[in-house]
Amino acid sequence: MNGGVEVNGEPEWEAVSLATYECRLVPGLLQCEPYVRVVFGNRIPPLSDEQVEAQSVARMERQYVLHERPNTSFSFVMDEHVVRRRLGGAEVTRMQLDHMLACAQLRNVEVQIMPMESEVHAGLGGPLASLETADGRRLAYSEGQQTGQLIADPKEAAILHRRYATLRAQALSPWDSVSLLERIRGEL
């Protein structure tokens, strides 16, 4: 669909924390430009060259939030198969891994990998995003094939927030995740 769970608009810019779980693709905020172009180039029905370009530019511009909001915590958990998938080929995969490793070095960004051999997994319901605003409001976002849903109901958002917290506990630590990404990069 869009290559990562995205909470568009003002709530994302107001967030003091944004947490994303992805089981399909590298989250949009962590995608390098060649990977972005492959993602949009694989859309069904196909996008025109102009649409691919416009979507790619918009995705890359959105990534400034990682640098423009140094006081916002960004947490990403993704399944190991997502980073092992050679979407676009080995060279694009190398560039994508390098980009994620660079993002993981930012003080406000944590990247965690859910190992394939894990026997427990709180994210079987699919991708999700959870964010918290400065006034303590929690919002969540859930996405499917053709739809996405912003969840503002505090009880429903709290459920997804707890689910994400469990995913973080089940995934490799940020340090072990970086080591795994480096090993995968070295295997290419």
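Colleague: How many bridges join strand β1 to strand β4?

Modeller: This is a predicted model. In it, β1 covers residues 15-22 and β4 covers residues 128-133.

Colleague: Which side chain makes a polar contact with the side chain of Asp79?

Modeller: Asp79 lies in strand β2. Asp79 is buried yet has no salt bridge; Arg85, the nearest side chain of opposite charge, is 8.5 Å away. The residues that Asp79 touches include Ile113, Met114 and His121. The polar contact, at 2.9 Å, is with Tyr21.

Colleague: With which residue does Arg84 form a salt bridge?

Modeller: The closest N and O atoms of the pair are 3.1 Å apart. Arg84 lies in helix α5 and its partner in helix α8, so the pair ties together parts that are 103 residues apart in sequence. At 31% relative accessibility, Arg84 counts as partly exposed. The partner is Glu187.

Colleague: How far apart are the closest N and O atoms of Asp98 and Arg185?

Modeller: Asp98 is in helix α6 and Arg185 in helix α8, 87 residues apart. Asp98 is partly exposed, with a relative accessible area of 36%. Arg185 is partly exposed too, at 26%. The two form a salt bridge, and the closest N and O atoms are apart by 2.8 Å.

Note on methods. Residues numbered from 1 in each chain as written. Predicted model: local features only at pLDDT ≥ 70, side-chain atom pairs only at ≥ 80, totals over all residues. Heavy atoms only, no water. Pairing = 2+ DSSP bridges. Helix = DSSP H or I, 4+ residues; strand = E, 2+ residues; numbered from the N terminus. Buried < 20%, exposed > 50% of the residue type's maximum accessible area, 1.4 Å probe, protein only. Lys, Arg positive; Asp, Glu negative; His and termini not counted. Salt bridge = Lys/Arg side-chain N within 4 Å of Asp/Glu carboxyl O. Polar contact = N/O pair within 3.5 Å; in protein donor to acceptor, adjacent residues only side chain to side chain. Contact = heavy atoms within 4.5 Å. Lists of a residue's contacts leave out its neighbours within four places in sequence.
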